[in-house]
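User: I would like to go through the side-chain contacts of this model with you. Could you take my questions one at a time?

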Amino acid sequence: MEQDFQFPLPFFLSVLALAGFAFMAFKNRDRGWGLPMGVVLATTAVWYHGDALYNDYQEYIYLMGESALESGWWQVLIFIVSFGLLVSPVHQLINAKLVGKKSNLMVYFRTRRLEHPAIQQQIDKLTMALAVGWLLLMSVALVRVDFNFVGLFAPYLERKVDPWMRGRVGGSFDAVISLAGYLHVFLAAGFGVLAAVARNPKARTVAITICILTFPFFIFDRTRNTMLATMLPGILAWILFRVKGGLVVKGAVLLGAFMLINFWFSFVLANRNDQSISTAFKNDEAIKAAEETKHEGLSMFSELGYMNSFFEQGTLEPNWGERYFAELVNPIPRGLWKDKPFVGVDYAIARGFGWDKAGGTGAGIAASIATGMIGQGVVNFGGLFGPMAAALLMAIWVAVLARQDLLGSDPARLLLYASGMILTFNMGRDITLLVLYPFVFGLMLLIARDLILGRSPEVQMARPPRRRKVRKGTERDASPKTARGNKPRRRVQWRG
């Protein structure tokens, strides 16, 4: 169908800004903040520009009006420019002692440093430690599902069971159940990465076995964000460090993985409302329906348009930080704070999802509505300062990720970094701890480990192994010249 509209000027300006700052991120990929900055820009492009190009923009004009949509593109532009200008200064402020260090991930990618025995020994220890944590967590999960092994570990054979099931709005101490669920996500993602980078057959076997037992729980779920959070880190690590060949070969494999993931998402969308995914998986008709399904939920720009439309009509006003505050205090169990503020109720009501029968368990709404990374700022602080606030939060997030990359060469940091990079895409729907909990709890485990072992993160310059010269006549120069006049062998010491 031929389009009978034109995108407004700020749409094209935002595309140019995206391209310019993406080039800036690429140029600074070795400085720690370049890669996560690029991921945030890609997230913006998918959730906002992708929405306008993939969905029916003409219908958006009909529903919200050209004025509201044009305001939305100006807000996208403000976010991109503010974010691009804030990333480097925020990084220098938060990671002042790390400025000048090089990205460990880039060193791992360009060299064989990941295969060094000292690094592999750390990976082995990390694998075994996380395996113990996984066994403890699964023991609790089995108790909660009455020891339904098949439903928990092989949902492709029968209906899946969820040991972390709870209401949409938590009550009492449901936060503890949520904690277990987020740890489950983090461990699943972690073992995917460990299976790709471990060289010790024992550690690799443990990691692959746990992946086989854990991944089906998320693959046969109805929620796409947890699928991405658990599966994608391992897939990317496998492509980067396992697939032989240059960037062209790795890119081709990545494209194939993307097409497979895209098909599975379509399959889940086509069948999750009518039947369980495990049941649909056995149905040929369900597979055919997936081929005709269009993705839903890729609509964060439309939510931005709705907000501006509501602002123009006077049915919605900025809540001046209340939404961000509700997100910040979300970890506090409702059993300790009965009147803890709910997240996003005002916008859900403005969108027409208020429901007086929802009562205390539903917070008075029939469904919660994602506002989008940029829209969340707009809901909090309006059309001008809102995108800037969102940009500042994402710049802080980039600095947090960069810190994991730059803090020495601990493989646990690499695992946490990979998890955070993937979760960044899910933050396109909302900047919320509900998305970041796997990263937060992983960071807490890392801090607890360092405290127990009595050590602090060691900041080292990322570099490949190099040789140290040994002078003749020293105690280390223990190799005499041979009859053929060969020089003494120099010992190679690891200094990375």
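User: Which residues do ring pairs link into a cluster?
Analyst: The model is a predicted one. In it, ring pairs join Phe7, Phe11, Phe12, Tyr57, Tyr60, Trp73 and Phe301 into a cluster.

User: How many aromatic pairs does a search of the whole structure find?
Analyst: The search finds 22 aromatic pairs. One of them is formed by tryptophan 397 and phenylalanine 439, in an edge-to-face arrangement with 4.9 Å centre to centre and 75 degrees between the planes. This pair links distant parts of the chain, 42 residues apart: tryptophan 397 belongs to helix α18 (residues 373-406) and phenylalanine 439 to helix α20 (residues 433-453).

User: Are tryptophan 397 and phenylalanine 439 buried or exposed?
Analyst: Tryptophan 397 is buried, because its relative accessible area is 7% and the cut-off for buried is under 20%. Phenylalanine 439 is buried as well, with 3% relative accessibility.

User: Now to charges. Which residue lies over the face of phenylalanine 217?
Analyst: That residue is lysine 160, at 4.0 Å from the ring centre. In another such contact, arginine 351 places its charged end over the ring of tyrosine 306, 4.1 Å from the centre of that ring.

User: What does arginine 351 meet in a salt bridge?
Analyst: Its partner is glutamate 303, with an N to O distance of 3.0 Å. The two are 48 residues apart and link distant parts of the chain, arginine 351 being in the loop between α16 (345-350) and α17 (359-362) and glutamate 303 in helix α14 (residues 300-313). Arginine 351 is partly exposed at 21% relative accessible area, whereas glutamate 303 is buried at 6%.

User: How many salt bridges does the search of the whole structure find?
Analyst: It finds six salt bridges. Among them is the one between aspartate 30 and arginine 110, whose closest N and O atoms are 2.8 Å apart.

User: With which residue does aspartate 430 form a salt bridge?
Analyst: Aspartate 430 pairs with arginine 323, and the closest N and O atoms are 3.1 Å apart. Here the link is between distant parts of the chain, 107 residues apart: aspartate 430 is in the loop between α19 (411-426) and α20, and arginine 323 is in helix α15 (residues 322-328). Aspartate 430 is buried, with a relative accessible area of 10%, and arginine 323 is buried with 4%. Salt bridges that share partners also bring in Glu327, so that Arg323, Glu327 and Asp430 form one network.

User: A change of topic: how many residues does helix α4 have?
Analyst: Helix α4 (residues 66-94) has 29 residues. From its first C-alpha to its last, α4 reaches 40 Å, close to the 42 Å expected at 1.5 Å a residue.

User: Where does α4 bend?
Analyst: α4 bends at leucine 86, by about 35 degrees.

Notes
Residues are numbered from 1 along each chain as its sequence is written. This is a predicted model: local features need pLDDT of at least 70, side-chain atom pairs count only at pLDDT 80 or more; totals for chains, interfaces and linings use all residues. Side-chain values use heavy atoms; hydrogens and water are left out. Rings of Phe, Tyr and Trp (its six-membered ring) pair if their centres lie within 6.5 Å; planes under 30 degrees apart count as stacked, over 60 as edge-to-face and the rest as tilted. Helices (H or I, at least four residues) and strands (E, at least two) are DSSP runs, numbered from the N terminus. Buried means under 20% relative accessible area, exposed over 50%, partly exposed in between (1.4 Å probe, protein chains only). A charge sits over a ring if NZ of Lys or CZ of Arg is within 6 Å of the ring centre and within 35 degrees of the ring normal. A salt bridge is a side-chain nitrogen of Lys or Arg within 4 Å of a carboxyl oxygen of Asp or Glu. The expected span of a helix is 1.5 Å times one less than its number of residues. The bend at a residue is the angle between axes fitted to the seven residues ending there and the seven starting there.
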